Amino acid sequence: MQVVRHVALSVFKESVRDRVLYSLVAFATLLIGASYLIGQLTAGQDVKIIKDLGLAAIAIFGLFIAVFIGIGLVWKEVERRSIYSLLSKPIRRHEFILGKYAGLALTLLVNVAMMTAAFYVVLAYMNTQASDALRAVWPAPAADPGMLRAVALIVLELLLVTAIALFFSTFSSPFLSAALTFGLWVAGHFNADLRNFEVVVESKTAAYLARGIYYVLPNFAAFDIKAQVVNALPVPPTYLLLAAAYALVYIALLLTGAVLVFSRRDFK
Amino acid sequence: MDAIRTEALTKHYRVGFWRPRPYVALDALTLEVRQGEVFGFLGPNGAGKTTTLKLLMQLIYPTSGRAEILGRPVGDVAVRRRIGYLPENPYFYDYLTAEELLDYFASLFGYAAAERRRRVASLLDEVGIGAERRLQLRKFSKGMLQRVGIAQAILNDPEVVFFDEPMSGLDPLGRREVRQLILRLRDRGGTVFFSSHVLSDAETLCSRVAILAEGRLVASGHLSNLLAFQVRGWELVVTGLTEAALERATTLGHIARATPLGAQHYALELPITVAPDGVLSELTACGARLVSLTPVRETLEDYFVRQVADAPRERGLGTGT
Amino acid sequence: MTRRAAVLLVLLLGSVLGLQAVHERRSGPPGGTAESLLYVRSPEAMKRMALSYHSLLADVYWIRAVQHYGGTRLSTDPTKQYDLLYPLLDITTSLDPHFRIAYLFGSVFLAEEPPGGPGRSDLAVALLQKGLRAQPDKWEYAQAIGFVHYWWDQDYMQAAAWFRRAAEMPNAPNWMAPLAAVTLAQGGNRASSRRLWQEVLNNAEADWLRVQARFRLRQLDAMDQITALEALIEEYARRVGTRPRTWADVVQAGFLPGVPLDPDRFPYQLDPASGAVTLDRKSTINPLPIESSRRR
């Protein structure tokens, strides 16, 4: 456990040095710039748009960090042979994988936490700019803590994406890993269509196959409650719990796979 | 108990994507290295030295055979606490400093923070890295990285140290420092197993060597034993040698080649078939004076060349394609 | 060398800006303006392509709808049409079926009479009913439907029915039930109109809506004043025997302290022949709405 922690901390340190946190500057600039522009562009109701934009930006920035660091995590160590000296230390290969994963998860958590903080600051400022009459008709307050539920699900989604990227990175090149990870991410959003595939195809086999794929593919659509929290619609706690359980089990599956592949690998 | 022991250690790779063919990287290597030895693992590039070291570090898995370090199978995490490894052309993390890298590796051994600080500071002193220790490693030269690599290999006061080409990337001063370091490790009772394709490294350091060519062990033992019977002549340096005396000795077949070094000053190569003392007395009778007499041994380089020439060309499994 | 490089950089940058200006003057790529194109007309396909970002994409379409409406409204082209407005609003509300403001403001845009809008009160009601299908107990949508019926269709029975439905929905404000009653009893009269606009003014969440409400209230003030002035003219004619030729006559006779000004501070116009009072043509509260009772 100690070893995993040390590997994780080194990943975190390296990604911070690798200017990953610069993305936060881009995020803050985007959000503040957009909140000004959107105020000019739309007939009022800019808070809803800022909320949509902020949550979407947190998800997208996180996605890119998860994929582009995730695919390089293991590959880079192997490619640059830094893994040679590392694995001669008292560390088991599964500890290495888990440490790498935990390190990127930590990087993502810190990133998302800081983006969320910037997001709430912008919203709190917009709140001070709004009239009482305007505030009265908002479905939810500007700096609505309820949005943290959407952020929590975004974090779960990102952790799942990271696990996918890490899994691919244990055996394939970064380019292929990125393509596969993004592919799964997109497919995971079309998931609902696969479930109802029998509506569009005649063949029973094809319908069963589609349904099978529907169950196997990561269902990313399940982690999207951005629209719900922005419009202050109810989200039952059981939904959140189920999504969390789904993410955690899926992550455990992918990490197990990654460890199995990685433990058998030759580092030529 | 041996420090290192391998039994018929074999590694095949599959090469080619569409029609993979096996390629024998290491063929049934059996080796024993005793504790307290400095053991040279020699061979030209591509002989299988790095493959062997990777097998011992369990970076790759053997096709067959077994290997033990300190009486335990390789890959045993308990063994890793007692060994150190310098990979060939080591590379580390771009964005960590030398200090941070060593601290990170030390933390994997479970050392407390104060202990880590102490070890890291003294190691960096030992390998000669000064103020640069606060620089990120991406700014390090190859030689500096080599020094960091050596430092991380001896971080835990290992009982057995594996160095893959420890001299590469170092200037002559650096090479001397590494030689001294290896001798210090030996004096502390450690075992040093190092690979090299540079012969002088081994000749000055090793008690025993193994010589590898094309994935096979071609010779092993004490360097002096391996090379002594390979004396193939003598080199005689004399001054005051007249042209006439030189010509007479040459026509008698006593001198294979004469290289003038100055006026009446020659380096003479005597064939193995003549007794050097006889030739010497013959020349001194003509007024020449002895400067030096040394046996000419086959160098490791010649040895490699000869072994490679003898070894079968095909390095596949011999099943044909 | 560095100076030459700097000069080169400045020259190249200048050329880029110049060419962009040429491009700008020729108004973009040939073959129609991008504004008038709607690449994807199917809201369902749009939703597919948005992955998990349909809410954000809805915002983009909402901004496009607002830009389209505002741009067309300001355009001086006599043949201008708001033909993309409904498709854009439809996509917006399909991508985010809970986009409250897209329904509320969108219906205002759609119902507005030409040239300020397409004058499609039917589409305005359709849009709001789509909103009610997504959230059946949103009193604001029901109220907005009532408003469209009241103001643009002058259908006071329908309007009153929708105001009553709104009043019965959760969280409806307490002025909703009286509004329904007033509309039913005296639909179309100025008192109920004034009440409606007063509520719009009190609850407006955007400046332009507040401006609109104030404008309508000023128009109602003017209409009240015109009615009072015309009554005064009739009184003058009855007492003096002839209609006044100018306001000066009325003032001299002591009926008025001075020339009457409309809420925009322009003097009212007096038609000596008919005794009708009208607004100055320069007054910004033109044109006054035509009241159903006054339609000729």
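**Reading the interface and the sheet**

Reply: Start where the chains meet, and keep in mind that this is a predicted model. Across the interface of chain A and chain B, 18 residue pairs are in polar contact, both at pLDDT 80 or more.

Me: Which elements give two or more residues to the side of chain A that touches chain B?

Reply: Helix H1 (2–17) and helix H4 (82–87) of chain A do. H1(A) gives the most, with seven residues.

Me: How many salt bridges does the rule find across the interface of chain A and chain B?

Reply: Three. One example is Arg17(A) with Glu100(B). Their closest N and O atoms are 2.5 Å apart, against a cut-off of 4 Å.

Me: Now the size. What should I look at?

Reply: The size of an interface is often given as the accessible area lost when the parts come together. Here, chain A and chain B bury about 3,000 Å² between them. Carbon and sulfur atoms give 55% of that area.

Me: Which three residues supply more than any other three of the area that chain A buries against chain B?

Reply: Arg17(A), Lys89(A) and Pro90(A), with 21% of that area. Arg17(A) is also the salt-bridge partner of Glu100(B).

Me: How many residues does each chain bring to the contact?

Reply: Chain A brings 30 residues and chain B brings 35.

Me: On to the sheet in chain B. In what order do the strands of the open sheet run?

Reply: Read across the sheet from strand to strand. The order is S6-S7-S8-S3-S9-S10, six strands with mixed pairing. Then look for the edges. Strand S6 (83–86) and strand S10 (216–222) of chain B each pair on one side only. The twist from one strand to the next averages 15 degrees.

Me: In which sense do S7 and S8 of chain B pair, parallel or antiparallel?

Reply: Parallel, over five bridges. S7(B) covers residues 160–164, and S8(B) covers 191–196.

Me: Which strands of chain B does helix H6 touch?

Reply: Helix H6 (172–187) of chain B packs on the sheet and touches S3, S7 and S8. Its direction makes about 160 degrees with that of S7(B).

Me: And where does helix H5 of chain B lie?

Reply: Helix H5 (142–153) lies across S6 and S7 of chain B.

Notes
Residues are numbered from 1 along each chain as its sequence is written. Chains are lettered from A and ligands numbered from 1 in the order in which they are written. This is a predicted model: local features need pLDDT of at least 70, side-chain atom pairs count only at pLDDT 80 or more; totals for chains, interfaces and linings use all residues. Side-chain values use heavy atoms; hydrogens and water are left out. Two strands pair if DSSP finds at least two bridges between them. Helices (H or I, at least four residues) and strands (E, at least two) are DSSP runs, numbered from the N terminus. Axes are lines fitted to C-alpha atoms, for helices over the stretch in contact, and angles run from 0 to 180 degrees between N-to-C directions. Contact means heavy atoms within 4.5 Å. Buried area is the accessible area (1.4 Å probe) that two parts lose on being put together, summed over both. A salt bridge is a side-chain nitrogen of Lys or Arg within 4 Å of a carboxyl oxygen of Asp or Glu. A polar contact is a pair of N or O atoms within 3.5 Å; within protein, one must be able to donate a hydrogen and the other to accept it, and residues adjacent in sequence count only if both atoms are side-chain atoms.
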